[in-house]
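Dear colleague,

Please find below the structure that I promised to pass on to you. My notes on the helix packing and on the pockets follow it.

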Amino acid sequence: MNDRQLLTFNAGSSSIKIGLFETDMASAVPYARGLIDFRSAPLRLHMTDGPATFDIGLTAKPSEDLHEVISETFSCLSQHYDMRKVVAVGHRVVHGGDVFSGPVSLTAESIEAIAGLSILAPLHQAHSVRVIRAVGRLFPNLPQAASFDTAFHASNSDIVRRFAIPRALHEQGIKRYGFHGLSYKYIAGELARRAPEVAKGKVVVAHLGSGASLCGLDAGVSHDSSMGFSTLDGIPMATRCGSLDPGVLLHLMGPLRRSLADVDDMLYHQSGLLGVSGISADSRKLLASDKPAAKEAIDLFTFRIAGEISRIATTLGGLDAVVFTAGIGENQPEVRAKVAARLHWLGLTLDDALNATNAETISTSDSRTKAFVIPTNEEQVIAEEALEALR
């Protein structure tokens, strides 16, 4: 094993994904991945290293600064790896606003700037900042870097990013940013490697997981995204609503007198697949259920995905391919089939046998629009961008 290692933290709203990489400071080769799920109690660190796995219970409890959790995580990792070889740490940060359009080496000033953007992504941003500060407190001399989910979409035009609201609000930062950029950057690179001619064209990538969005690529460059100002926008998700008439919010908080905190919780945690089905936020459980509400939730989910692909195709001026990625996109043939059935008019026809096996290419040989299944790897992008920033 290389004498130098790089560690990545991908902090979500309810979990932290961990990556360990060998590095020569020019490239990063992954060898272990981990997860801490904050929805389970007590916390557990689950690691995968090739065919080997290990699961360690943590005594630390989530706190405001996460210092104890991160400290115990390092101690647990030290039981299996020589953490003295870690030469740098890379972090995923959801929101870069208009401040960060690429990866940065973390300093006291840049960390404060990232924390200052928490108002734009309250569910995710503060969590990332807590992890960054916890690592910095434990290892003050260990270089850290940040990668931003919004940065990949900085190439979107002003007309795509603008809402039809007073110009002064746009200048204050109320605009469409787009998210899941690290995933889309990885897929753009993988598509160029696997299907270079297709990658030169107009492609919509569907990142379908607990959080879900779509991105329109033209020659690998982002031109549009389903998510806008916040991670609530676009298609329905596991527990998030997706696009919603703002009049609904006025109604809830006006005549119905629901509080801001109540509406916030409803939009982020009680809507989406969970809200429509009343059964589960997990699409696997809904697909297995024979209850009408479960079917309706999946039908609404796939209907909105197909509609958003069609809208983004308008931005791109055409559609050459669709790429499915992330947990649902990579592993649920029925969801892909339902989306594709609504896009037949755009020339997309799936090969049922290939789709059923999650093959890389799942469209028929004569399908005018191609369809692919490509696993995403945000940690790889975080590692590569950390090296870029620290060089």
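At roughly what angle do the axes of helix H1 (residues 67-78) and H3 cross, and within what distance do they come? The axes of H1 and H3 cross at roughly 60° and come within 9 Å, where axes are lines fitted to C-alpha atoms, for helices over the stretch in contact, and angles run from 0 to 180 degrees between N-to-C directions.

Before going on, please keep in mind that this is a predicted model, in which local features need pLDDT of at least 70 and side-chain atom pairs count only at pLDDT 80 or more, while totals for chains, interfaces and linings use all residues. Residues are numbered from 1 along each chain as its sequence is written, and side-chain values use heavy atoms, with hydrogens and water left out. The element names come from DSSP runs numbered from the N terminus, with helices (H or I) of at least four residues and strands (E) of at least two.

Helix packing

H1 and H3 are therefore oblique to each other, given that angles under 35 degrees count as roughly parallel, over 145 as roughly antiparallel, 65 to 115 as roughly perpendicular and the rest as oblique. Their crossing is right-handed; a crossing is called left-handed if the near helix is turned anticlockwise from the far one by less than a right angle, and right-handed if clockwise. On the H1 side the contact (heavy atoms within 4.5 Å) is made by His67, Ile70, Ser71 and Phe74, and on the H3 side by Val131, Ala134, Val135, Arg137 and Leu138. These residues divide into six nonpolar, two polar and one charged, where Ala, Val, Leu, Ile, Met, Phe, Trp, Tyr, Cys and Pro count as nonpolar, Asp, Glu, Lys and Arg as charged, and the others, Gly among them, as polar.

H3 (residues 125-138) also packs against helix H2 (residues 108-116), at an angle of about 160° and with the axes 9 Å apart, which makes H2 roughly antiparallel to H3. The crossing of H2 and H3 is left-handed. Here Ile111, Glu112, Ile114 and Ala115 of H2 meet Gln125, Val129, Ile132 and Arg133 of H3, a contact with five nonpolar, one polar and two charged residues.

For H8 and H9, the packing angle is about 140° and the axes lie 10 Å apart, and these helices are therefore oblique to each other. H8 and H9 cross in a right-handed sense, with Leu249, Leu252 and Met253 of H8 in contact with Leu260, Val263, Met266 and Leu267 of H9. By class, this contact has seven nonpolar residues, no polar and no charged ones.

Pockets and cavity

On a 1 Å grid over the protein atoms alone, a cavity is a set of points where a 1.4 Å probe fits but cannot get out, a pocket is an open set with protein on both sides within 12 Å along at least five of seven lines, and lining residues have an atom within 4 Å of a point. Grid points are joined across faces, edges and corners, and a volume is the space filled by probe spheres set on the points.

The largest pocket has a volume of about 1300 Å³, and of its 44 lining residues the closest to the centre are Lys17, Arg39, Gly209, Ser210 and Gly211. H13 gives the most to this lining, with five residues, and the lining as a whole has eleven nonpolar, 21 polar and twelve charged residues.

The second largest pocket holds about 830 Å³ of space, and of the 22 residues that line it the closest to its centre are Phe229, Ser230, Leu232, Leu249 and Leu267. Helix H8 (246-253) and H9 each supply at least two residues of this lining, with H9 giving the largest share, five residues. By class, the lining has 17 nonpolar, three polar and two charged residues.

A search of the whole structure finds one cavity of 30 Å³ or more, and the volume of the largest cavity is about 40 Å³. Its lining consists of Asn156, Val160, Arg161, Arg176, Tyr177, Gly178, Asp224, Ser225 and Met227, with helix H4 (158-161) and strand E11 (221-225) as the elements that give two or more residues.

With best wishes
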